[in-house]
Amino acid sequence: MSQIVKLLVVLLVGGLIGYVIGNRQELAQSSLLTVQQETLARQSKAIGQLKTDLGIKDTLLATQKAAFEQLQQTLKDQEAQVQEQKRQLAFFERIMRPTGDQMGVVIDNLSLQETSVPGRYHYRLALTQPAKKRELFRGQVQIRVEGSLADKPKTLSSRDLGMKTGEGRYALRYFQLLEGNWQLPEGFIPDRVRITIAKAGRQPAQELLAEWSDVLKPLVVQPTPLPAAQ
């Protein structure tokens with residue numbers, strides 16, 4: 001009986017050893033697969049965290065960029081306001097503290113501003129009387145816009161610009177602002193603006209010639225007196 005038990009023990013141990021030896025490779029592969037799956041899981045988690053961190057940094061960068069651009073625009077607007085205030089101060093100083101003896105009306109400056117209507121511009125023309133001894137002057141300003149239409153030179157008169165009759169008239173002792181709208185024909189490309197006041201009595205001839213690109217923003221352009229007629 002003992003011999004049979006011993007034989008069964010030997011067979012059991014041998015079978016167990018054979019099972020272990022036969023499945024060793026499979027067990028090793030199973031362990032390796034488990035390790036790889038765990039490694040992949042950790043890497044996926046790390047990649048997810050990196051993407052999250054990158055998204056946060058991109059958001060912060062976009063926010064900082066937008067804030068910087070807004071700051072630049074604010075600074076630009078403030079500088080423009082300062083320049084406009086300086087221009088207005090210089091304008092009123094010329095009115096309140098005249099230094100010359102030039103008689104008559106002077107074309108002080110012109111500014112244009114685009115409107116929401118295509119081809120329409122709002123104009124503001126400032127006239128002053130720089131003489132210390134002032135008198136009332138009346139007259140008419142002539143306005144021309146020079147440019148091209150269909151690749152050919154074209155000059156627009158006040159009527160072509162849609163100005164009303166008498167819109168360019170003035171009557172001033174100190175200063176006057178003439179305002180209105182100009183409507184450019186479709187396809188017209190403006191180059192410059194020519195504004196003149198003809199000689200009449202004690203009023204000397206005046207002319208202001210300004211580039212269109214310059215008067216799209218407030219700009220002080222000194223007028224050039226025309227030579228006296230012989």
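Visitor: Let's start with Glu-135: at 28% relative accessibility, what does this residue count as?
Guide: Keep in mind that this is a predicted model. Buried would need a value under 20%, and exposed one over 50%. Glu-135 comes out at 28%, so the label is partly exposed.

Visitor: Which residue forms a salt bridge with Glu-135?
Guide: Side chains of opposite charge can pair when their charged atoms come close. Here the closest N and O atoms are 3.2 Å apart, and the cut-off is 4 Å. The partner of Glu-135 is Arg-202.

Visitor: How many residues apart are Arg-202 and Glu-135?
Guide: Arg-202 sits in the loop between strand E7 (188–197) and strand E8 (206–211). Glu-135 is in the loop between strand E2 (120–128) and E3. The pair links distant parts of the chain, with a separation of 67 residues.

Visitor: Is Arg-202 buried or exposed?
Guide: The relative accessible area of Arg-202 is 51%. Anything over 50% gets the label, so Arg-202 is exposed.

Visitor: How many salt bridges does a search of the whole structure find?
Guide: The Arg-202 and Glu-135 pair is a salt bridge, and so is the pair of Glu-146 and Arg-192. Searching the whole structure gives a total of six.

Visitor: Okay, Glu-146 and Arg-192: what is the N to O distance in their salt bridge?
Guide: The cut-off for a salt bridge is 4 Å. The side chains of Glu-146 and Arg-192 meet within that limit, N to O, at 3.4 Å.

Visitor: How far apart in sequence are the parts that Glu-146 and Arg-192 tie together?
Guide: Glu-146 belongs to strand E3 and Arg-192 to strand E7. Because the two sit in those strands, the pair ties together parts separated by 46 residues.

Visitor: Is Glu-146 buried or exposed?
Guide: The limit for buried is under 20%. Glu-146 has 15% relative accessibility, so the residue counts as buried.

Visitor: Which residue forms a salt bridge with Arg-194?
Guide: The closest N and O atoms of this pair are 3.0 Å apart. That distance falls within the 4 Å cut-off. The partner of Arg-194 is Glu-207.

Visitor: Which strand holds Glu-207?
Guide: Arg-194 lies in strand E7, and the pair ties together parts that are 13 residues apart in sequence. The other end, Glu-207, lies in strand E8.

Visitor: What does Glu-207 count as at 18% relative accessibility?
Guide: Arg-194 has 25%, so that side of the pair counts as partly exposed. For Glu-207 the value is 18%, and with the limit at under 20% this residue counts as buried.

Visitor: Which residues do the salt bridges with shared partners join into one network?
Guide: Two pairs have come up here: Glu-146 with Arg-192, and Arg-194 with Glu-207. Shared partners join them into one network, made of Glu-146, Arg-192, Arg-194, Glu-207 and Glu-211.

Visitor: Last stop, backbone torsions: what is phi of Ala-150?
Guide: Most residues other than glycine have a negative phi. Ala-150, in the loop between strand E3 (137–149) and strand E4 (152–156), has a positive value instead. Phi of Ala-150 is near 60 degrees.

Technical notes: Residues numbered from 1 in each chain as written. Predicted model: local features only at pLDDT ≥ 70, side-chain atom pairs only at ≥ 80, totals over all residues. Heavy atoms only, no water. Helix = DSSP H or I, 4+ residues; strand = E, 2+ residues; numbered from the N terminus. Buried < 20%, exposed > 50% of the residue type's maximum accessible area, 1.4 Å probe, protein only.
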